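Good morning, and thank you for joining. I would like to take you through one model and the way its parts meet.

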Amino acid sequence: MDKLTRFTKEELACPKCGKVHLCDRYSVINVTEKPELKEKVLMNKLFVFHCEECGLTAPLTYESVYVDTKRKMILYLTPEMTDNTRKSIDQWEKVDASHKRIVTNLNDLKEKILIADNLLDDRIVEFMKIEHLKQLEKEMKDDNLLNILFDYKGTQYYFMVFFEKKGIGRIPVSPEYYRDVEHRYSGKIGSRNNGKFQEIDMKWAGDIMFERN
Ligand SMILES: [Zn+2]
């Protein structure tokens, strides 16, 4: 399996004005080889469609493999799981890496990158999110919690919480708390680490926490 960056030029018609664009479509993004691509992903400049004719800017999510050779991390981005996707993931299983993850959207992809940048374990972060749900119970009574995402500024970690009506909130979390959760759950993680591609999200963490599997 070739881990180097690959892209094709594809014609894409603007959904608003119809103007045809030639877009780069990356099947593999290797950020150890091309660090500037990581910045583009994080700044929403890579998975995006922009039409200079009518000004439309829209996210463009497609199947793509994000490879960080230095960190031994492979993030398989796919909005849907087709038979071809499964076959492709099987091929990528042959590549040696310590963190293999499947993500279904750009926010989750970016979150995994930020977590790795802080040398944290995404599985611990998902356990932390579940523990924070208790704090959010009151707000969840009359609003829909859409997502919780890890973010950071300097040495301060945050959870960004996204509510349907109330909008975005920010909960600071400390490195000490991270280490406490790590201490409490490292045993449970160790026994489930099979080295294969996994979707690590709140559902994954919840299943382990409440022993649903
Ligand atoms: Zn347009």
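In this model, 16 residues of domain 1 are in contact with 17 residues of domain 2, contact meaning heavy atoms within 4.5 Å. The model is predicted: local features need pLDDT of at least 70, side-chain atom pairs count only at pLDDT 80 or more, and totals for chains, interfaces and linings use all residues. Residues are numbered from 1 along each chain as its sequence is written, and side-chain values use heavy atoms, with hydrogens and water left out.

The domain assignment gives domain 1 as 6-117 and domain 2 as 122-209; such bounds come from an automatic or database assignment. Their C-alpha centres lie 24 Å apart.

How much area do domain 1 and domain 2 bury between them? The value is about 1500 Å², 56% of it on carbon and sulfur atoms; buried area is the accessible area (1.4 Å probe) that two parts lose on being put together, summed over both. On the side of domain 1, Arg101, Glu111 and Ile115 lose the most area to domain 2, together 34% of what that side buries.

Let me turn to the charged pairs. Three salt bridges are found across the interface of domain 1 and domain 2, each a side-chain nitrogen of Lys or Arg within 4 Å of a carboxyl oxygen of Asp or Glu. Glu111 forms a salt bridge with Lys129, where the closest N and O atoms are 2.8 Å apart.
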